[in-house]
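Visitor: I would like to learn how to read a helix and its salt bridges in a model. Could you take me through it step by step?

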Amino acid sequence: MSRVGKLPIVLPDKVSVNIEKDNTVIVTGPLGQLKRKVDSDISIKIEDNSILVERPTEQKRHKSLHGLYRALINNMVEGVSKGFSIEQELVGVGYRVTCQGQNLELALGFSHAIIFQLPSEIKCEAKTERGSNPSLKLTSVDKQLVGQIAAKIRAIRPPEPYKGKGIRYRGEVVRRKAGKSAGK
């Protein structure tokens with residue numbers, strides 16, 4: 001039995017789940033609505049105040065899909081009730097970030113400013129405080145989307161190992177290298 005797949009998903013207050021004929025799960029909550037198509041072999045049942053994900057056989061494919069869809073549906077339920085957020089910080093002299101609607105303007109030491117267009121599902125918040133690195137907070141109900149966008153932003157200027165400059169996640173530790181003079 002899949003350890004993740006057999007766990008029931010408890011529905012919080014104000015979260016409703018609807019399962020359509022073509023095995024599409026629609027989760028609606030106070031923060032929004034998410035929709036995902038589930039493989040036709042996996043069955044989803046709503047009992048009491050929880051969701052149960054079940055598989056038909058013990059095939060390797062069914063076992064892997066069992067835990068996967070249980071985790072994805074759990075992330076949907078958590079997203080529409082609490083939401084997900086990722087914080088990043090810009091480490092480097094002159095690095096800045098401003099958020100204007102769905103446009104993110106990044107000054108990362110290039111000869112030009114980088115304009116990054118955010119999807120409409122993501123909300124951004126930029127903070128610049130004296131004495132600390134500029135920070136960016138991305139918030140959304142979709143865990144996969146917010147993680148993907150944060151990874152794309154980080155890929156613009158990943159942290160380098162010599163001075164540690166670049167865009168990093170809050171709390172990320174960058175392993176530093178000594179440089180040229182260490183060999184002598």
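Visitor: Which strands do the buried residues of α2 pack against?

Guide: Let me say at the outset that this is a predicted model. The buried residues of α2 pack against β7 (84-91), β9 (103-107), β10 (114-117), β12 (135-140) and β13 (166-169).

Visitor: Which residues in α2 are buried?

Guide: They are Leu145, Val146, Ile149, Ala150 and Ile153. Seen down the axis of α2, these buried residues fall within an arc of 130°, so one face of the helix is lined by them.

Visitor: Why do residues three or four places apart point the same way in an α-helix?

Guide: The general idea is that an α-helix has 3.6 residues a turn, so residues three or four places apart point the same way.

Visitor: How far apart are the end C-alpha atoms of α2, and what span should its residues give?

Guide: Helix α2 covers residues 143-156, which makes 14 residues. At 1.5 Å a residue they should span 20 Å, and the end C-alpha atoms lie 21 Å apart, which agrees.

Visitor: Which residue caps the N-terminal end of α2?

Guide: That is Asp142. One of its side-chain oxygens lies 3.3 Å from the backbone nitrogen of Gln144.

Visitor: Now for the charged pairs. How do I decide what counts as a salt bridge, and how many are there?

Guide: Look for a side-chain nitrogen of Lys or Arg within 4 Å of a carboxyl oxygen of Asp or Glu. By this rule the count comes to eight salt bridges.

Visitor: What is the partner of Glu54, and how far apart are the closest N and O atoms?

Guide: Glu54 pairs with Lys45, and those atoms are 3.0 Å apart. Here Glu54 is partly exposed at 29% relative accessible area, and Lys45 is partly exposed at 38%.

Visitor: And which residue does the side chain of Glu58 meet in a salt bridge?

Guide: Glu58 meets Lys63, at 4.0 Å from N to O. Lys63 is partly exposed, its relative accessible area being 39%.

Notes: Residues are numbered from 1 along each chain as its sequence is written. This is a predicted model: local features need pLDDT of at least 70, side-chain atom pairs count only at pLDDT 80 or more; totals for chains, interfaces and linings use all residues. Side-chain values use heavy atoms; hydrogens and water are left out. Helices (H or I, at least four residues) and strands (E, at least two) are DSSP runs, numbered from the N terminus. The expected span of a helix is 1.5 Å times one less than its number of residues. Buried means under 20% relative accessible area, exposed over 50%, partly exposed in between (1.4 Å probe, protein chains only). The arc is that of the directions from the helix axis to the C-beta atoms. Contact means heavy atoms within 4.5 Å. A polar contact is a pair of N or O atoms within 3.5 Å; within protein, one must be able to donate a hydrogen and the other to accept it, and residues adjacent in sequence count only if both atoms are side-chain atoms.
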